[in-house]
Amino acid sequence: MDTSRSYLEPSSFSKKMAAAIIIVYAVITLIPISWMVMTSFKNVDSAISYPPEVLFEPSLEGYVNLFTNRSRQSQEYLDSLPPPENWYEELVRSREMVITGPSKFLGRYSNSMIIGFGSTFASVFLGALAAYAFSRFRVPLKDDLLFFILSTRMFPPIAVAVPIFIMYRKLGLGDTHLGMIILYTVVNLSLAVWLLKGFMDEIPKEYEEAAMIDGYSRLQAFFKVVLPQAMTGIAATAIFCMIFSWNEYAFAVLLTQFNAQTAPPFIPTIIGEGGLDWPAIGAGTTLFLLPVMIFTIILRKHLLRGITFGAVRK
Amino acid sequence: MSQIKIVNLQKSFGDFTAVKNSNLTINDKEFFVLLGPSGCGKTTTLRMIAGLELPTSGEIYLGDEEVGMLRASERDIAFVFQLFALYPHMNVRNNLSFPLKMQGYKKSDIKNRVEEAAKLLRIDHILNSNISSLSGGDRQRVALGRALVRRPKAFLMDEPLGTLDAEFRELMCLELKKLHLDIGATTVYVTHDQLEAMSLADRIAVMDGGEILQADEPNIIYNKPKTKFVASFIGSPGMNFFEVNEGISKDQSFVNIEGAKFDIPKQLEESKGSKNFFGIRPENLTLNNNEGLKGSVFGVEYLGSRKIITVKTSLGEIKVKTDISVNVKLNENVQVKPSNNNIIIFDGETDKSLNSEFIK
């Protein structure tokens, strides 16, 4: 009998099984994403060819189309132009078109950044303050209030879309960054309060008491002693909030058109000649994926600890 | 450094009164221990002195200043927590300088003070370590360092040795005592461990049910307890109590119980009722074969230099601390007799000890 491992440790067979299941799951999850990335590197023809091409000649046409506006011109006009100055002009001209200016994508993308990070910061900051209060103070009707906060997650947010639309129009918040930040913060806040309250509860109150005896006010103690110890929870909460506000589509379609339109409602509207420009859509989606991916990878260490935090008491 | 005085201090949490109308004066430079079982109000008292709880009524004086309603940060006291509460996201040096930074000292002053305190506690070699890498003893020292680096008016300690293992606790006890002699700071120390209290304290206050029962020097607490609870809480093994269904009159000098004669010190006070308790420490009893209370040996515990023999008698189990040369077998018939008249009589109605020549 193999006595080199403990009873509690899984056998090598079950470890292999686990690895196989994870690999299958990973492949299933990654197929759509890799198809999307592949599409972004195809040209317009091979993107819609049938049967689908798995092997293809890579092209940056999608990315060029994503960032530019173009118009079709006659051959004579193209011949009268000076030779193209760079590779993307050449690429566009080979399709008998000229670049007429930058597209709206960068603007939409930076709207997404501002609204996504802004609302994440606001949700985590306000959530941490509220969670601390719920965790430490004798708030009247504490349990009812916590339940009430959570009740905002009990219906799909879009159910209140019409009242919010009317409200935002009256308040002048429609199609503004501030309006979208407020909206996403409101949706995320209940999750942030609940998640962070769990983390705050785990931090012994002796730390703040020690800081208060050391001469700090409660608010100073909160920032200098409690928040640094809640970093794990803050990271986990920030990721959840970020993913929601980054990906949110329905409200963005409804409430934003020009100034504050985020990337999700913009990307599917990229239209090429005679239909949707799939490589450009693929390119937009791929670029759209990157910030959340980077953000999550940076905070991944905290996230893993965060999800299992509190499961086992130290 | 300052005297601490609490006057008619009371603390209630809803219907529950944690501290009842307490009065205490802790002298300047004194090592004062609050001792009692869990839930007796000793920690609540300490937290009120610290400013972590506000009193329901009563006053707290730190020096001449009434501080009862001041915030903890305004009181200039230091507190050592049971779980140390060292800030885990800072290294040792930052933990020690944390209280000084708030008070606006210059960087060089902070550095000097931190290093001075570290040297005193022999933690100067770990100043740049992380808290999580420290042993329990070093954490304890850092916690003490954080308290003393500010040179506060008083030190408050809430069972600071409670989480250390037994061997280390003894060592830290000695170090604490020495530290106290070196810096001479007024210290209030909370514990439920009577040995710790006896070995550290200049004076001990024994608390039970939110009341301070007696505040005295350790030897007085041990030898002349004012109530039955104090007598039973101090000493290991605890004091023996026998119920005596007989009133005690003034000037009485002996009592017969179950055919055995017990000499008692000359009584200066008579009992209120006819039910009283005799309290005799195990070391004040001897075993023999011809006189005293009859019983049989129920258990023998060997403690190295001493033996504890438990004797079952008609008055209940009695513990006798004897020399190791005494040899008895289980179930052997023996007789128990006091070796002197250091018997304390507790009034059955009030649980208070009656005044006698021995305990005035």
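**Exercise 1.** Which strand of chain B is joined to strand 6 of chain B, and by how many bridges?

*Solution.* The model is predicted: local features need pLDDT of at least 70, side-chain atom pairs count only at pLDDT 80 or more, and totals for chains, interfaces and linings use all residues. Residues are numbered from 1 along each chain as its sequence is written, with chains lettered from A and ligands numbered from 1 in the order in which they are written.

Step 1. Strand 6 of chain B runs parallel to strand 7 (residues 154-158) of chain B, and four bridges join them. Strands (E, at least two residues) and helices (H or I, at least four) are DSSP runs numbered from the N terminus; two strands pair if DSSP finds at least two bridges between them.

Step 2. B:Val80 has B:Met157 of strand 7 of chain B as its bridge partner.

Step 3. Strand 6 of chain B is covered on both faces, with B:Ile77 and B:Phe79 buried on one side and B:Ala78 and B:Val80 buried on the other. A residue is buried if 20 or more other C-beta atoms, placed from the backbone, lie within 10 Å of its own C-beta atom.

**Exercise 2.** Determine the orientation of helix 12 of chain A (residues 231-247) relative to helix 6 and helix 9 of chain A.

*Solution.* Step 1. The axes of helix 6 (residues 105-136) and helix 12 of chain A come within 9 Å and cross at roughly 140°. Helix 6 of chain A is therefore oblique to helix 12 of chain A. Axes are lines fitted to C-alpha atoms, for helices over the stretch in contact, and angles run from 0 to 180 degrees between N-to-C directions. Angles under 35 degrees count as roughly parallel, over 145 as roughly antiparallel, 65 to 115 as roughly perpendicular and the rest as oblique.

Step 2. For helix 9 (residues 177-202) and helix 12 of chain A, the axes come within 10 Å and cross at roughly 160°. These two helices are therefore roughly antiparallel to each other.

Step 3. The contact between helix 9 and helix 12 of chain A includes A:Leu191 and A:Phe199 of helix 9 and A:Phe240 and A:Phe244 of helix 12. Residues are in contact if their C-beta atoms, placed from the backbone, lie within 7 Å.

**Exercise 3.** Describe the open sheet of chain B.

*Solution.* Step 1. Its four strands have the order 2-1-4-5, with antiparallel pairing.

Step 2. Strand 2 (16-26) and strand 5 (65-66) of chain B are the edge strands, each pairing on one side only.

Step 3. Five bridges link strand 1 (residues 4-13) and strand 4 (residues 57-62) of chain B in the antiparallel sense.

Technical notes. A residue is buried if 20 or more other C-beta atoms lie within 10 Å of its own, exposed if 12 or fewer, and partly exposed in between; C-beta atoms are placed from the backbone. Two residues are in contact if their C-beta atoms, placed from the backbone, lie within 7 Å.
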